[in-house]
Amino acid sequence: MDKKVIIEMCNNISKNTLIETLSIKFTDIGEDFVKAKMPVNKSVHQPDGILHGGATAALAETVGSTAAFVLLKRKDIIVRGIEISTNHLKSISQGEITAIAKPVNLGRTIQLWEIKITDQEGQLISISKLTTYTRIKKKWWKFFLYDLNLKKIITKKIKRWRAL
């Protein structure tokens with residue numbers, strides 16, 4: 001699939017989410033990385049006027065989880081971030097930050113990502129490690145049928161118990 005189409009899909013799927021709230025925009029995708037940017041302004045500040053660490057961590061998890069989905073090149077998976085650690089190295093109060101996620105290890109179900117976050121001058125602001133878990137999407141209707149069958153069994157047992 002064309003790189004521009006993938007970037008557009010990543011940005012479009014982000015509507016009405018935290019990603020949109022933080023104004024995160026995906027800007028580039030390569031064979032081994034995903035890149036996004038986020039503006040730094042009052043909406044992502046902590047009370048003393050600098051970039052909030054939680055916003056930085058949200059950017060890191062967004063880019064890392066997206067990298068897992070895009071770079072693993074499977075449409076039938078669900079990706080979940082299961083652990084993140086972020087070290088903040090420099091504060092920033094305005095401008096734009098860029099996050100680049102690259103794989104450290106790509107296991108079948110567990111992946112480790114390194115996400116470097118830099119300012120507009122290329123200075124390292126934060127570095128994050130993200131562990132993602134991927135699994136194959138399950139067919140929803142199998143669970144629905146199971147639940148209906150389970151409900152029938154429980155209802156029959158309750159009726160028998162009440163009859164005693």
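**Exercise 1. Trace the fold from start to end.**

Read along the sequence, the pattern is α-α-β-β-α-β-β-β-β-α. That comes to four helices and six strands, where helices (H or I, at least four residues) and strands (E, at least two) are DSSP runs numbered from the N terminus. Before going on, note that this is a predicted model, in which local features need pLDDT of at least 70, side-chain atom pairs count only at pLDDT 80 or more, and totals for chains, interfaces and linings use all residues. Residues are numbered from 1 along each chain as its sequence is written, and side-chain values use heavy atoms, leaving out hydrogens and water.

**Exercise 2. Find the largest nonpolar core and the element that gives it the most residues.**

Step 1: a nonpolar core is a set of buried Ala, Val, Leu, Ile, Met, Phe, Trp, Tyr and Cys residues joined through side-chain atoms within 4.5 Å; buried means under 20% relative accessible area, with a 1.4 Å probe and protein chains only.
Step 2: the largest such core has 34 residues, and Met38 and Leu51 are among those with the most contacts inside it.
Step 3: helix H3 (53–71) is one of the elements that supply at least two residues, and H3 gives the most, with nine.

Note on methods
Buried means under 20% relative accessible area, exposed over 50%, partly exposed in between (1.4 Å probe, protein chains only).
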